[in-house]
Structures are given as structure tokens and as C-alpha cells.
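Please look over the sequence and the model before reading on.

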Amino acid sequence: MIMETAYMTVHAGQEEAFLAALERAKQVLAQAKGFRVIHVHRGVERPSTFLLAIGWDTVEDHTEGF
């Protein structure tokens, strides 16, 4: 399994809308070939910053399939 990671900064005041959109996006991810897991972590000191870690079976599942 490989892990794709990304830091995302959301406009202040839009954090809850981002989290709601992410819940919908998880449904799309769950159907992708090779998808294994997603972890979402919200910054404590910077609550508008999120770390996403998405697990895939292979690099190609992410880069070519998704």
C-alpha cells in the first residue's frame, strides 16, 4: 500500500463546509479501484489546515485510475 498525503488550507469560516464536502468525496473515493483508506486530521493550532492521507494499493491506482 502507498500513502498519498496532502495539506489543505481552507478559508477561515469554511471549515465545516469543507468537512461536509469531504464526506461526500469519501463516497466517490470508496468506489475507486485500489482505494484502501482515508485519514483526515485537522490542525489544532491552525484549525483551517487539514492533513489528508489516502491509502492506495499501488501508485498507478492513484495516478492512472483515479
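Which residue in β3 is the bridge partner of Arg-42? The partner of Arg-42 is Phe-50.

This is a predicted model, in which local features need pLDDT of at least 70 and side-chain atom pairs count only at pLDDT 80 or more, while totals for chains, interfaces and linings use all residues. Residues are numbered from 1 along each chain as its sequence is written, and side-chain values use heavy atoms, with hydrogens and water left out.

**Overall build**

The protein contains two helices and three strands, where helices (H or I, at least four residues) and strands (E, at least two) are DSSP runs numbered from the N terminus. Read from the N terminus, the order of elements is β-α-β-β-α. The C-alpha trace spans about 35 × 20 × 15 Å along its principal axes. Of the 66 residues, 27% are buried; buried means under 20% relative accessible area, exposed over 50%, and partly exposed in between, with a 1.4 Å probe and protein chains only. Among contacts with a separation of 6 or more, 60% are between residues 24 or more positions apart, a contact being heavy atoms within 4.5 Å.

The accessible surface comes to about 4700 Å², and carbon and sulfur atoms hold 55% of that surface. These areas come from the Shrake-Rupley method with a 1.4 Å probe; for residues, only the protein chains shown count as cover.

**The strands**

Strands count as paired if DSSP finds at least two bridges between them. β3 pairs with β1 (residues 2-9) in the antiparallel sense over eight bridges. Seven bridges join β2 to β3, and these two strands also run antiparallel. A hairpin of six residues connects β2 to β3.

| Residue | Bridge partner in β3 |
|---|---|
| Thr-9 | Thr-49 |
| Val-37 | Gly-55 |
| Arg-42 | Phe-50 |

β3 is mostly covered, with seven of its eight residues buried. Ala-53 lies in this strand and is buried, at a relative accessible area of 11%. Leaving out residues up to four places away in sequence, Ala-53 touches Met-3, Glu-4, Thr-5, Val-37, Ile-38 and His-39. His-39 is 14 residues from Ala-53 along the chain, yet their C-alpha atoms are separated by 5.1 Å.

**The cores**

In soluble globular proteins, nonpolar side chains tend to be buried together. A nonpolar core here is a set of buried Ala, Val, Leu, Ile, Met, Phe, Trp, Tyr and Cys residues joined through side-chain atoms within 4.5 Å. The largest one has six residues: Leu-29, Ala-32, Phe-35, Ile-38, Ile-54 and Trp-56. Two or more residues of this core come from each of β2 (35-42) and β3 (49-56). A second, separate core has five residues, including Val-10, Leu-22, Phe-50 and Leu-52.

Phe-35, a member of the largest core, is in contact with Leu-29, Ala-30, Ile-54, Gly-55 and Trp-56 when neighbours within four places in sequence are set aside.

**A buried aspartate**

Is Asp-61 buried or exposed? Asp-61 is buried, because its relative accessible area is 7%. Asp-61 sits in helix α2 (residues 59-65). Apart from neighbours within four places in sequence, Asp-61 is in contact with Lys-33, Gly-34, Trp-56 and Phe-66. Trp-56 also belongs to the largest nonpolar core.
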